[in-house]
Amino acid sequence: MATAAVIPSYNRVEPGSNQLKPASYPDTGVISSVDANAVATGWVDEFNRALSGQDHSGVKQLFLQGSCWRDQLGLSWDYHSLYGPDKIVSFLKSAPNGSRVISINIDSSNATRKPSIAAVDFKGKVNGVTSFLTVETDVGKGRGLVRLLQDTQDNNNWKAFTLFTAMHELKGHEETIGSNRPHGVDHGGHPGRKNWQERRIAAENYEGDLEPTVLILGAGQGGLTAAARLHQLKVPTLIIDKNPRVGDNWRNRYHQLVLHDPVWYDHLPYVPFPSHWPIFTPKDKLAEWFESYARLLELNVWNSTALTDAKWDDENRQWTVTLVRKKASGEEETRVLHPRHVIQATGHSGEMKMPSIKGMDGFKGDRLCHSSQFRGAEKIPEGHTKRAIVVGCCNSGHDIAQDFYEHGYDVTIVQRSSTYVMSSKNGLDVLLGGLYEEGGPETEDADLMFMSIPNAMLKRMHQDATAEITRRDETMLKGLEKAGFKLDDGPDDA
C-alpha cells in the first residue's frame with residue numbers, strides 16, 4: 001500500500017485555502033537611455049483615450065501578458081487583482097456603465113512620485129519606468145502607481161506590467177484636515193453654548209439622542225486607526241474595549257516585549273511618531289502612545305465595556321447592540337445603541353489557545369501559563385537553580401526563553417516543526433530598505449509603493465529576498481542548526 005506523501009509544515013495551508021504561486025518576471029529589453037516622463041505621459045494619454053472611449057481592444061494593447069491591474073475601491077466597491085489583459089478587459093466589459101475610473105494622471109508633486117527609471121524585480125535586473133498617479137472616479141479621487149516595461153514581442157512598445165489604483169476620498173466628503181480643518185470657534189453671541197470640553201464629554205458618552213454610526217470592537221492599533229479615519233470624515237464612531245485603559249492590549253504582554261517592526265513602518269494616521277522616537281518601540285511606551293493618540297484625536301472610547309448582544313435589523317439596515325460599561329466610579333450601566341456598521345478589530349491573535357495535555361493538572365512547578373499570561377521571569381533565590389521549558393520557538397518563544405536565561409534559569413525550547421529565522425538587522429535591511437528607513441519616502445508614498453505590488457509578484461520578489469537574507473545570516477543559521485534547531489525558508493522558499 002502506497003504511503004501518502006508528507007507535506008512539510010511550512011507548505012501546509014488552512015482548509016479552503018490555496019498556496020499562492022509566485023509570478024514570473026517578464027522578458028524585457030535593456031534600457032540604456034530613456035525619457036521617463038515622456039514614456040509615462042505617453043502611456044497615460046493612450047490609457048485615458050482608450051478608457052474614455054470604451055476601446056477595450058486599445059486597453060488590452062496597453063498591458064503586458066502576465067500583467068496585473070490591482071484596484072482598491074476605484075473600479076467598484078470591492079478589491080480586485082485582475083491578472084492579464086484578458087481578465088482586465090473582461091471586467092471592464094462587465095461593468096454596467098463602463099469603467100468607474102474616469103481618468104489617471106501623472107503625479108510629479110515630489111521627487112519620489114515623478115516618473116523615473118526603476119527596477120520591478122528584487123535584484124534590479126528587470127528595469128522599466130515607474131510613476132505615481134492621481135486617479136479620478138465617478139464618485140471620488142485617489143492615487144495609484146504604474147510600472148511600465150518594454151514588450152519585446154511587440155516592437156519594444158511600453159506596456160503596463162503592474163497598475164495600481166485606489167480611491168482615497170469621496171467627492172463632497174473630504175477629510176477635515178489641511179485647508180478643510182475645523183475653524184474651532186464660532187464668534188458672536190451664542191447664549192448657553194457649551195465649550196469644547198462640554199461638547200467632548202457629551203460626544204464621548206453619546207448623551208441624549210446621540211448614536212454612533214459605526215461601532216468598533218477593540219481599541220488596539222486597528223481600531224484606533226479606523227476610528228481616526230472615520231472621525232476626520234465626521235462619521236460618529238464609538239470604540240469599545242474590555243480592558244480598563246487604551247493600550248492595555250500591549251501593556252499586558254510579556255515583560256520584555258519590544259516591537260519587531262521599525263518605527264518608520266508603524267506610524268498611525270495624522271500624528272506620526274516624533275523624530276526622537278526609538279527605532280524599536282517597547283510595549284509600555286507604545287501603550288502610552290496609543291492612549292495619548294486616542295485623546296489627541298478626540299476618539300470616543302469606552303473601556304471596561306463588553307458587547308453582550310447584537311442583532312441585525314434588515315428592514316432598518318442597522319444593528320441593535322447591548323453594551324455593559326463599567327464606569328470609573330465602579331458603577332455599571334447598560335446601553336442599547338443602533339449603529340449601522342460594526343467593525344471587528346480584535347486582532348488576529350487576540351484570544352489565547354491553550355492546549356490540554358495529559359498531566360497538566362498535576363504540574364508541581366511554580367508556573368504553567370500561556371505566553372499571553374507571562375509577565376516576566378522571577379528572580380531565583382541565591383544558591384538555587386530552576387528550569388524552564390518554553391513550548392514554541394517563534395518571536396514570543398525566543399523572547400520569553402531569553403528572559404528566563406537572563407534570570408539564570410536552565411532553559412529548554414521545545415520545537416514542534418521547522419521555523420523560518422532571520423536576524424532583525426539583515427531581514428529588515430533587505431525587506432524594508434528603500435521604503436521604511438531613515439530618510440526614506442513619506443510614509444503614505446512608501447505604503448502606496450508596497451501595496452501596489454500584486455501578491456504573486458511580491459512572493460516572487462520574496463524568493464530572491466529570502467535567499468539574500470539567508471546569505472547574510474549564514475553564520476547565525478549554521479549555529480542554530482548545529483544546536484539542533486530545525487530551519488526552513490517558508491512556502492516556496494519565499
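A polar contact here is a pair of N or O atoms within 3.5 Å; within protein, one must be able to donate a hydrogen and the other to accept it, and residues adjacent in sequence count only if both atoms are side-chain atoms. Hi everyone, two places to look at today. This is a predicted model, where local features need pLDDT of at least 70, side-chain atom pairs count only at pLDDT 80 or more, and totals for chains, interfaces and linings use all residues. Residues are numbered from 1 along each chain as its sequence is written, and side-chain values use heavy atoms, with hydrogens and water left out.

Let's start with arginine 335, in strand β13, residues 332-337 (strands are DSSP runs of E, at least two residues, and helices are runs of H or I, at least four, numbered from the N terminus). Is arginine 335 buried or exposed? Its relative accessible area is 19%, so arginine 335 counts as buried (under 20%, with exposed over 50%, using a 1.4 Å probe and protein chains only). The arginine 335 side chain reaches the backbone oxygen of tyrosine 206 at 2.7 Å, and one of its polar atoms lies 3.1 Å from the backbone oxygen of asparagine 205.

Now to helix α8, residues 395-406. Gly397, Ile400, Ala401, Asp403 and Phe404 are its buried residues. They cover an arc of only 155° around the axis, which puts them on the same side of α8 (the arc is that of the directions from the helix axis to the C-beta atoms). On the face turned away from that side, Tyr405 and Glu406 are exposed. After α8 comes glycine 408, with a positive phi near 90°.

How values were computed. The expected span of a helix is 1.5 Å times one less than its number of residues.
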